[in-house]
Amino acid sequence: LRGPIDLRWGASVYYILGTSLSDGKGYRLLNEPAENEVIQYPPLLPFFVAAHEKALGTTDYLDVAPRLRFSYFLLSGFYLITAYLVVRAFCNPLFAVFVCALTALSFSSYLHISDTLYAEIPFALVSMLFLLCHRRSDRAPYAAAAGILAGATYLLRSAGIALLAAWVVESLLRKRVRQAGV
């Protein structure tokens, strides 16, 4: 829980885009000579960075990055809890604990990305929350939350379009045309 979050490789782009949003410059790569606008990076993670920078009143990496690391620690914990709840819906509690323990101890798929500013942990958390809400989507608040969470997966990672599309198609198959339209 000490030190800054890892901003190597693609993680630095999310940080730079968040800083650009926080500074009111739009969705631009400030490290490029022309401060190019970009569209290939989904915006929700840069907004998360910008929210941290606004809350802290600074864009200084040495102040913001340790807070981002703590936030990712919390997101990672919430992800493991929601993953447990999803697995628990289909399996016995002991097996669900085993599955989540394997996930938590996996360096490549969990430990490394839980300490790097990548979209994987927030995406996984939002996907698990979607599945939990979707199971109860016969009630309106959960159906609305499932739709919002499906959209949020797309705003975190472009691959989230698959989850969003599946939710819309399932809504159409269940003859929930209004829900699919939303």
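**View 1. Lining of the largest pocket in the predicted model.** The residues that line the largest pocket are A143, A144, G147, I148, W167, R176, R178, Q179 and V182. The pocket has a volume of about 210 Å³. By residue class, the lining divides into five nonpolar, two polar and two charged residues.

**View 2. Helices that contribute to the largest pocket.** Two helices, α7 (140–156) and α9 (177–181), each supply at least two residues of the lining. Helix α7 gives the largest share, with four residues.

**View 3. Salt bridge between R69 and D115.** A search of the whole structure finds four salt bridges, and the pair shown here is one of them. The closest N and O atoms of R69 and D115 are 2.6 Å apart. This pair links distant parts of the chain, since its two residues are 46 residues apart. R69 lies in helix α3 (residues 61–88), whereas D115 lies in the loop between α5 (107–111) and α6 (120–135). D115 has a relative accessible area of 24% and is therefore partly exposed, as this class covers values between 20% and 50%.

**View 4. Salt bridge between R157 and E120.** Here the side chains of R157 and E120 meet, with an N to O distance of 3.3 Å.

**View 5. Salt bridge between E170 and R174.** The side chains of E170 and R174 form a salt bridge, at 3.3 Å from N to O. Side chains of opposite charge can pair when their charged atoms come close. E170 has a relative accessibility of 23%, so this residue counts as partly exposed. R174, at 46% relative accessibility, is likewise partly exposed, because the exposed class starts only over 50%.

How values were computed
Residues numbered from 1 in each chain as written. Predicted model: local features only at pLDDT ≥ 70, side-chain atom pairs only at ≥ 80, totals over all residues. Heavy atoms only, no water. 1 Å grid on protein atoms, 1.4 Å probe; cavity = no way out; pocket = protein on both sides within 12 Å on 5 of 7 lines; lining within 4 Å. Points joined across faces, edges and corners; volume = space filled by probe spheres on them. Nonpolar A, V, L, I, M, F, W, Y, C, P; charged D, E, K, R; others polar. Buried < 20%, exposed > 50% of the residue type's maximum accessible area, 1.4 Å probe, protein only.
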